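Subject: Structure handover

Hello,

Here is the structure I promised to pass on. Please open it first, then read my notes below.

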Amino acid sequence: MAKKIFIQLAFILFLLTSCQTKSDKEFTVWIGGAPQEIDFWQKLIDDYNRQSGNNAILVRQPTYTDQRRQSLIISLEAKQPNPDLFLMDVVWIDQFAKSNWLEPLNKYIERDNYSTDNFFGRVINSVDKFEGNIYALPVFMDIGLLYYRKDLLKKYGFSAPPQTWKQLVDEAVLIQKKERERNKNFNGFVWQGAQYEGLICNFLEFITSHGGSVMNNGKIWSNTPANVEALKFMHDLLYKYKISPPNTFTEIKEEEVRRSFQNGNALFERNWTYAWNQHQSSGSSVKGKIGIAQLPHKEGFGSTSALGGWHVGMSEYSDVKNEAWDFIKFITSFKTQEKLLLNVGWNPGRKDVYHDSVLLNQIPRLKILYEVFNHSVSRPVIPYYAQVSEAMQRYVNNCLANKISPADALKELQKQINKVTAIYEEH
Amino acid sequence: MKSIKNIFSNNETCSAYLFNLPTIISALVFIFLPVIGTLITSLFRDVTYLPGKFLWFSNYERLFADPHFWQSVNFTLLFVIVSVVLELFFGLIFALVLNEAIPGRGFLRIAILVPWAIPVAISARVWQLIYHFDYGLLNFIFMKLGISNTHINWLGSSSGAFISIVISDVWKTTPFMTIILLAGLSTIPRVLYKQAEIDGTNFLQRFFRITFPLLKPVIVVALLFRTIDAIRIFDLIYVLTGGGPGGSTTSISLYAYNYFVSGDFGYGSAVSVIVFILAAMLALLYIRFGRFGEVIK
Amino acid sequence: MREESWIKLLKFLGSAFLLIFCLSPFVWMLLISFSSQPDFLSANVKLIPTFNNYVQILLNSSVHILDYLKNSIIVALVSAFFTTFFAGLSAYAITRLRFPGRILIPLLLLGFSMFPQISIVGYLFKLLTAVGWINTYYALIFPYITLGLPLALWIMLSYFSRVSLELDKAALIDGATRFQILQKIIFPISLPGLLSTFILIFIYSFNEFLFALMFTIDYNARTIPIGIALFEGFYGQIPWGYTMAAAVIAVVPVILLIAFFQKYIIQGLTEGAVKG
């Protein structure tokens, strides 16, 4: 009797759990984005499946970058055959490659004579390569830009966006003073200062455009005179020139900055490329009044912009690698990249799209973007980047909160980074 | 087949263990073994991209030296105290209301189960929308009632995020508190109230002289359950704030989880062990406290 | 007389507050799920009712909302069934038989139930990886059974201890086995207890988050709380209409459960906490 019931139960369990199946020739692709972007990806993938006879399945990645990374780490650490392909943020690739989770793409590239010259060499070399192998290819490139109010600059007699940080400060101080008479919420320059990853991108832009850097011979080096000067400048934006909102360090992220600029409450804005379409959408109070430019730099140095974006990689544990490679070729092709640019505004990872004369006519800002991409700087490429970034966020943010001086912040940060390095460097 | 039958029918001890076998095995495999495993892992370097290495207690040393860890401990304890006290307060009010014979009591009882039964992850999403900076319900109400003349960044500032988490958690768990307290209230004999009424007491006096003292043991149990549950808070924060802004609302569970999913299992395990010790200490404290109360009585 | 009316007013205010407190977020969720514009409060847009959000998330193949719901229901049903059954077996032995460990087992389980889930999730992940169960129902069902057992056992103990031992004795004389007694006599008598346990464990399993987040990967096993928690968007832009429509679909099963079984749920919670 007991036995019979147990057999019945086991049978029910088996029936219920055997609903899970997976057929071959089928592979899953993890892609994240806003709803209309995903809808467009679904269309692309439907087209691909019709052409190729493969069965690619789109799975949506979570909203937040951290959650995306975490769900990838879970599936890769569990050696799951799914997902076969996924988009990675530029700063994850090193950890993933070093954990042996990514399939090196070299043999496929050589086999098919696939040209990688069409991509930005600067980008491929700094983030997609690890120990001589290529592990990922750019699908969507993102970069920090200076958005400015054309109408206001013109109103106060400036013909072009600022080239140097000094010009930016001078213009912002003047215009903010005048504009505040009408609009007390007006700010000269808004950027991302909350304690999160975006702060590191801003920080990196400030220090590299002051001649500083974070990486030196493979070592992370924060405490240099140029870096201190840059951090002091960031601090000054809040407390000396007072052209950035006083709450910059508590809650200002991309969306806060975008909203403020879009509502007409800011003269200059540092943001990613996605803000352009939002600012130019109907209902935006700055529609048609804005321009984009490279971020300013200190006199005597060059402009730099932090590199962001999403690169496609293949799982080491994928069971349909040839089909997966075929899909990588598809999404990095000129045609697909062009479609992504035109339909959802994803900046192509390929150089040739930026040189296409028809596209240039249609989207003039491609020219500026191409310039900016050639001056991109990437965040440190190390497997324990997440831990280093956390320490950087804390000290840079504390300095912006006026809790610690710029020099002391970077001195303490260096100590903290040395500790992290000691834990996660192999020895 | 026959021997099995014999065991089932004759030998009491044997059949008792057979009956308990599924329970014992699942507890051993899915709780006991992982706990031991976590303890052991916490002594190792267990990082996805590095070879394993025995470290003795350096994961723990690192833990105690990390200000983020202490921030998460402080946050968690503050959250537990504030939210459990508020839940007790509202739970008591609701239980007193539901204990009365009022029209529509059945519907009220269903209503009170709604927050409890909806998955936290889902209600957290609803709350996220309610706290939304631009078009959230809360900012709308605050502006309309004139409580605030600008939009409040509920989830973007550390104090706002703390308040938001507490409100959502109180909403979610007050029903549990209510139901437990309601069960306690129903055991208090009505005669006591009738007698007190005849003696000419008002209802506040009746509450403090009869209800509260008799309800005390139940309150202690409810507090014990809620505290142990609150100290492991994870899902609400994961969805509502993700631990931000700037890590200010990272609970200990979330802190440990973040290390697991960034690929550092050794350190994550060390944090997990500390969470466990913390929960055990609080439980012991309550049990002591509860008995203490009984002895005095 | 004056106090009487005061109390009446207080009762009314209390009930009204209770209703608003408990239901307003739920109502808000419903409202947004049927509106074309989630930002109708701030912008100068009118609230236009629409089914579009539902249509979109149900028809769009990459959303997988129905897969998540199916996974959740299967996992919760199977977990609730086995938890109740196993707890019933244990509770029977503990209330009816004398054996060393009779007191220890329920106490140990109670102790285990105080374990924070985070303190086992990391190693459990490694175990489940080793047996290849990540992203399958097994990865959730077995841990859920274990998590549910302490509560289930305490509820069952309080029900079984109320059933007279004379019934067992009479059946034993008639030649019934212990298992037959449990199956034919004790279970039917304690049916309300079984039902309470089943529903409570179902709801707990349906709502569980941390394990489901870490042990499942995609629509093959992912449950609905995770699906909704990780709904897509870029730079914090969340598709509120879709999310709320998905949320409504997800809570329908639990709302139905509490509407029909309110009495059993309250009984179960009470037995598990107060008497246990």
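Are Y354(A) and F373(A) buried or exposed? Y354(A) is buried, and F373(A) is buried too. Buried means under 20% relative accessible area, exposed over 50%, and partly exposed in between, with a 1.4 Å probe and protein chains only.

Some ground rules. This is a predicted model, where local features need pLDDT of at least 70, side-chain atom pairs count only at pLDDT 80 or more, and totals for chains, interfaces and linings use all residues. Residues are numbered from 1 along each chain as its sequence is written, chains are lettered from A and ligands numbered from 1 in the order in which they are written, and side-chain values use heavy atoms, with hydrogens and water left out.

Aromatic rings

The search of the whole structure gives 77 aromatic pairs over all chains. Rings of Phe, Tyr and Trp (its six-membered ring) pair if their centres lie within 6.5 Å; planes under 30 degrees apart count as stacked, over 60 as edge-to-face and the rest as tilted. One of the pairs is Y354(A) with F373(A), edge-to-face, at 5.8 Å centre to centre and 70° between the planes. This pair links distant parts of the chain, 19 residues apart: Y354(A) is in helix α16 (residues 351-355) of chain A, and F373(A) is in helix α18 (residues 365-373) of chain A. Helices (H or I, at least four residues) and strands (E, at least two) are DSSP runs, numbered from the N terminus.

Next, F94(B) and F17(C). Their ring centres lie 5.7 Å apart with the planes at 50°, so the pair is tilted. F94(B) belongs to helix α4 (residues 67-99) of chain B and F17(C) to helix α1 (residues 2-33) of chain C, so this pair joins two chains. F94(B) is buried, at 0% relative accessible area. F17(C) is partly exposed, at 35%.

Chain A also has a cluster linked by ring pairs: W165(A), F189(A), W191(A), F206(A), F233(A) and Y241(A).

Charges over rings

The charged end of R68(A) sits over the ring of W310(A), 4.7 Å from the ring's centre. The charged end of R162(C) sits over the ring of Y159(C), at 4.9 Å from the centre. The rule asks for NZ of Lys or CZ of Arg within 6 Å of the ring centre and within 35 degrees of the ring normal.

Chains B and C

Chain C brings 90 residues to the contact and chain B brings 92 (contact means heavy atoms within 4.5 Å). The two chains bury about 8,500 Å² between them, 80% of it on carbon and sulfur atoms. Buried area is the accessible area (1.4 Å probe) that two parts lose on being put together, summed over both. The rule finds 2 salt bridges across this interface. A salt bridge needs a side-chain nitrogen of Lys or Arg within 4 Å of a carboxyl oxygen of Asp or Glu. The side chains of K126(C) and D46(B) form a salt bridge, 2.6 Å from N to O.

Backbone

The peptide bond from N82(A) to P83(A) is cis, with omega near -5°. P83(A) is in the loop between α3 (65-77) and β3 (85-89) of chain A.

N100(A) is not glycine, yet its phi is positive, near 60°. N100(A) is exposed, at 54% relative accessibility. H64(C) also has a positive phi near 60°. H64(C) is buried, at 11%, in the loop between α2 (52-59) and α3 (65-96) of chain C.

Best wishes
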